[in-house]
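Me: I would like to go through the charged side-chain pairs in this protein. Could you take me through them?
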Amino acid sequence: MKTLYTAEVSATGGRSGHVKSSDGVIDMAVNVPEGLGGKKGSTNPEQLFAAGYAACFQSALLLIAGKKKIRLEPDSTVTAHVSLLQLDNQSYGLGVKLVVDVKGLDHDEALQLVNEAHEVCPYSVGTRGNIDVQLEVV
């Protein structure tokens, strides 16, 4: 296994704290989601995870399409829905639904690309067997 890149982000204060990347690009307050009593206007760990997963999955989709010589429309999107789940009184988990809108392809062709992207996306590989990830092609 060859390391291609390592992100470094430090957190202080937990869900009601602050996150900062070693390069200073990320430097922001985090909070409990507003719907769970947090402050409006702050991000939260689930949103940050969703942003990373959506971007990574879109790149995997572009990679697979490129290998097949398929040009995806620029307004194709991946929207990640990341849910914080209470598993029991003491533990929590995540659930993910990826909604993929592949413009310009028929549903079956888009579904094939999405399934292949799910096999190579680092987030999909990393969550496999640990987090329920649902794929929806629109």
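This is a predicted model: local features need pLDDT of at least 70, side-chain atom pairs count only at pLDDT 80 or more; totals for chains, interfaces and linings use all residues.

Me: Which residue does Glu46 form a salt bridge with?

Reply: Glu46 forms a salt bridge with Arg15, and the closest N and O atoms are 2.5 Å apart. This pair links distant parts of the chain, 31 residues apart: Glu46 belongs to helix α1 (residues 45-67), while Arg15 sits in the loop between β1 (9-12) and β2 (18-21).

Me: Is Arg15 buried or partly exposed?

Reply: Arg15 is partly exposed, with a relative accessible area of 30%. Glu46, by contrast, counts as buried because its 9% falls under the 20% cut-off.

Me: Moving on, how many salt bridges are there?

Reply: The count comes to 5 salt bridges. One of them joins Glu116 and Lys68, with the closest N and O atoms 3.2 Å apart. That pair also links distant parts of the chain: Glu116 is in helix α2 (residues 107-120) and Lys68 is in the loop between α1 and β4 (77-86), 48 residues apart.

Me: What is the accessibility of Glu116, and what is that of Lys68?

Reply: Glu116 has 22% relative accessibility and counts as partly exposed. Lys68 is partly exposed as well, at 39%.

Me: And which residue does Arg128 meet in a salt bridge?

Reply: The side chain of Arg128 meets that of Glu119, at 4.0 Å from N to O. Arg128 is partly exposed, with a relative accessibility of 39%.

Notes: Residues are numbered from 1 along each chain as its sequence is written. Side-chain values use heavy atoms; hydrogens and water are left out. Helices (H or I, at least four residues) and strands (E, at least two) are DSSP runs, numbered from the N terminus. Buried means under 20% relative accessible area, exposed over 50%, partly exposed in between (1.4 Å probe, protein chains only).
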